[in-house]
Amino acid sequence: MTYTRRTAWPGRLLRLLPVLLACALPMTAQAKQDNRLRRIQILPRQGTTSLKLFFQSPPDYRIDLLPGRLRLTVKDANAPAFKKLRSYSDSRLTGIFCYPGYDRLTLVIPVKGGQPVVQTVGSADSPLLTLEVGPSRQPAQRPDILPGREGILNGTEKFVRDFQVPSRSALPFEPTDLKLLKSLLPAQELQLFQRGEGLLYRQQGSQALEVFNSFLAKAPAVRALAWYRQGEALALLDRTPEALAAFRQGEALWPAYLEQAPATMLTYAELRAKSGDFAGGRALLSRLMNRYAGTAYAAPLLGRLAQMYDWRGEKGVAAAMYGTLVAHAPGTEAAARAAMRLADTEMFNIPHERYPKQLARYRAVYDGPSGVALRDEALFKMALVQALYGPARDALAASISYSTRYPRGIFSTVINQMREELLLPVYRELYAARDQAGLVKLACDNREYLERCFSDPQFAPRLSEAFHLLGQLGREIELFGYLSDRNFTAAALPFLTATVVEDALTLGNLPLTESTARGFLARFPGDSRAGRVREQLARLCFEKGDLKEVASLLSLLNGKGGKAVLPESDYYLGKALAAAGDQRGSERALSRFVARAPAGSPLLIDGYFCMATTRVALHHYPEALEAYREGAKIASGESADQFHYKMGELCLKLNMVKQAKQNWEQVASRGGGGTWAKLAGEALEDLNWRLKISSQLP
């Protein structure tokens, strides 16, 4: 339903209350008889058509806007058929159809040009209802929020418009009179009933409900009390239909009791208004307002009446009452709550540059005289205003502030969702500013709320880059390990796990490296990073001496198209295959290694030596001699002596006696008494003796 009501209100709260009571008190009597629609006056105007409906008494009505027509329903009313009006037509309307019913009157008014816009004009106590039927409005503009905040708006707009924060009654809770209970219940049952009321006072609705259920089979007076209390417990649990049914059971048994329990009457009034019985709820509330006129309870009761009109959809009436409270009941919680409701009406309608003024309105409520629930709501809306209209970092700080002050507050779930949304623009700002420390702190401090950040595929790599530039690999392992267990990191999980393998290996945490690598290969065998992780695991196995597993992990490298991610992996594979007796496979792996190994690799010298050894085993002597030569070029000291000694042996085998002698002489001439020098000297002596014997001296 879309309409507003224009209403004039007195300037003083105390003068307003009698007027409101005058509106409400007669309704109990009038609801029992039909309210007759006596006359309909139609006044076409430029752009609108005004319908004046003259009732016998103030109508209890509802307007529904349907495609191409509007429908007015008036409870407990009747009217003539008004058949002549069915053929009426102007630029807006195409007839008025009146349908009297058993307990209601329905008017259907077809409208030209699509769905109409209707505004009601009149006061709550007037029998004249005026409908201004105008052209369809342009589609409502979206709130002027900052770009990128649409996710926050979509998640909060309807919530803020519809949600009403639960609060205690505007009247104090009063336990049932002890004398009355003593006259109705034995001592043990009396204590149980009082215990139930204590639970109700502490707003523990579920437990209270269990207690009062046990009294529903007692005498009628006790049953009535139990039904009333059960209704209050159900209202606390927001089970409105059941609560209303319980109150009606109590009212049927003992209607006069409501006058003895004002807080109970107020709950009943609100339940009736929520359930569609606006007139009945307003009548009960008006009786309470009459009773408490001139007291401290007058302002909160007026606030509850305004809330009833708000529920009914009469925003203009509600706003007028809220304005009266703000102006004439300053310093009260009721005025603070009214100020909150007025601010809410502009939450999504302000230009974003005006958001500081809106923020100040909520801050005034938070700093003013208000209870915990209202302060909770005000702090939430301060965070929401900044989340929609303000800088991302300020908005994030406000959301975190709410979570710190109210970790289990009413709005915690919504705040957490806002926090997730805000982290994304803040992360992008930090990355654009190259603030590596800020990015790392943001991720570590908000690790539970990074879901939206992970919607950016570059987030995890950029975060890892920041950790590495700061040299904080330990913190990266801790954070990525935590994130690996979160559902929202599923797409980035291979990267996170592989990074933990890298970091743990760099820091020398070999148990973590091995366990994480094995887990990665089990979960992501087809991932593009699997090859590197497999080779890193093979390195660990090699260092532990498990050459059999090294050969198993790296056997793919010797297959067709196999290529190691890490050049040293071919070295590990060559050594493992050589130990297993696969000289041919070992030679292929070692050949790839020496061809790709970077200069200065500590494994390169041994790689040449092992490759030459496998070639000798395969009887590839010239190729083996070449490997020895290349190794000797980069070797020094004892390693170089070893290469030259082996070259001498291989030259002798190839019948290259002169070259053999030269290599051994080079080793023997170094001196120092090394093993290879000693062996070379012995080889030379043996060679010289053999040459002398064979008369083949040079």
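Arg434 lies in the loop between helix H17 (412–432) and helix H18, where helices are DSSP runs of H or I with at least four residues, strands are runs of E with at least two, and both are numbered from the N terminus. Its phi is near 55°, a positive value in a residue other than glycine, and at 42% relative accessibility Arg434 counts as partly exposed, given that buried means under 20% relative accessible area, exposed over 50%, and partly exposed in between, with a 1.4 Å probe and protein chains only.

Before I go on, please keep in mind that this is a predicted model, in which local features need pLDDT of at least 70, side-chain atom pairs count only at pLDDT 80 or more, and totals for chains, interfaces and linings use all residues. Residues are numbered from 1 along each chain as its sequence is written, and side-chain values use heavy atoms, with hydrogens and water left out.

Let me turn to Asp60, in the loop between strand S3 (49–55) and strand S4 (61–66). Asp60 is buried, with a relative accessible area of 10%, and its side chain makes a polar contact with the side chain of Arg312 at 3.1 Å; such a contact is a pair of N or O atoms within 3.5 Å, where, within protein, one must be able to donate a hydrogen and the other to accept it, and residues adjacent in sequence count only if both atoms are side-chain atoms.
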